[in-house]
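My entries follow the display.

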Amino acid sequence: MTEPTFRSGFAALVGRPNVGKSTLLNQLLGEKVVITSDKPQTTRNRIQGILTTDSSQTVFVDTPGIHVARSRINRMMVESALSAVRDVDVVLFLVEADAEPSREEKALLEVLAKATAPVLLVINKIDRLAKDTLLARIAAYGAAHSFREIVPISALSGDGVELLARVVAGYLPEGPPYFPDDQLTDVPERFIVAEMVREQVFRLTRDEIPYAVAVTIDAFTERPGQELVAISATIHVERDSQKGVIIGQRGAMLKKIGSNARREIEKFLNSRVFLELFVRVSHGWSESPGKLKEFGYE
């Protein structure tokens with residue numbers, strides 16, 4: 001009797017900013033491992049999420065959104081996303097159902113035309129469109145590129161996500177798993193905790209502040225007898241005025257960021273958390289190779 005075939009490999013999630021890549025990855029895994037917000041360019045690093053079933057293991061690579069990059073950190077983010085296309089077994093090109101192709105998406109289609117890996121079109125947010133409009137959108141993208149498959153989904157509700165996972169697994173090569181079957185991501189807990197603090201900055205502060213923020217973990221101490229994790233983190237900004245916004249009047253904003261982040265971290269760690277936050281001005285960190293490396297971006 002022939003043993004069942006096991007498939008394993010890597011699938012890149014690519015697309016413009018704020019198209020729903022991180023929401024989709026969390027939905028695929030059934031747990032939050034990457035941060036989300038309604039602001040573009042929330043994701044800065046390539047983050048791998050691992051979905052293991054009885055017959056396959058798909059390592060999804062969540063990439064920064066493709067956009068017109070001007071600063072050093074933004075150029076690094078775009079190169080990280082484009083390089084992912086060259087390093088995987090299948091590419092998932094994520095677009096929004098209710099939006100016309102953007103300049104970035106048209107440019108990305110030119111890159112995907114040269115990809116050796118099969119490219120699947122994933123049309124997200126299908127709940128926003130009537131069926132006939134969705135069919136017209138599918139036809140328009142199908143004419144622009146020869147996609148192996150076109151899969152409509154709603155990353156937020158989960159509609160079509162299980163089907164997408166099965167479709168992706170079918171394109172993976174035969175082989176053993178890369179990671180243990182209970183592992184959901186390749187990034188350490190400290191990284192995810194720092195991201196959860198940065199997520200609250202994105203959600204709570206005005207538009208220009210989040211893009212000037214990086215978060216580092218200074219201490220991460222488990223206290224088994226108390227069933228508690230004590231965490232100390234620093235929020236780095238580029239200007240004194242930004243520091244004032246993060247702290248807020250009488251420390252109110254920093255307290256709210258900390259309170260919201262602590263709740264998310266407690267759910268993630270399944271433990272009580274004591275979270276202490278500091279704010280530090282690191283002038284021009286987003287253009288400094290040394291600071292980018294120190295903060296985990298290069």
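Which residues in H6 meet which residues in H8? I listed Glu189, Ile192, Val193, Met196, Val197, Gln200, Val201 and Leu204 in H6. They meet Met253, Lys256, Ile257, Asn260, Ala261, Glu264, Ile265, Phe268 and Leu269 in H8. Contact here means heavy atoms within 4.5 Å. By class, I noted 12 nonpolar, two polar and three charged residues in this contact. Ala, Val, Leu, Ile, Met, Phe, Trp, Tyr, Cys and Pro count as nonpolar, Asp, Glu, Lys and Arg as charged, and the others, Gly among them, as polar.

A note on the source: the model is predicted, local features need pLDDT of at least 70, side-chain atom pairs count only at pLDDT 80 or more, and totals for chains, interfaces and linings use all residues. Residues are numbered from 1 along each chain as its sequence is written, and side-chain values use heavy atoms, without hydrogens and water.

Next I looked up the axes. Those of H6 (residues 189-204) and H8 (residues 252-269) come within 9 Å and cross at roughly 140 degrees. Axes are lines fitted to C-alpha atoms, for helices over the stretch in contact, and angles run from 0 to 180 degrees between N-to-C directions. Helices (H or I, at least four residues) and strands (E, at least two) are DSSP runs, numbered from the N terminus.

Then I turned to the sheet. Three strands form an open sheet, ordered S7-S8-S9, with mixed pairing. Strands pair if DSSP finds at least two bridges between them. S7 (214-223) and S9 (272-281) are the edge strands. S7 and S8 (residues 228-237) pair in the antiparallel sense over nine bridges.
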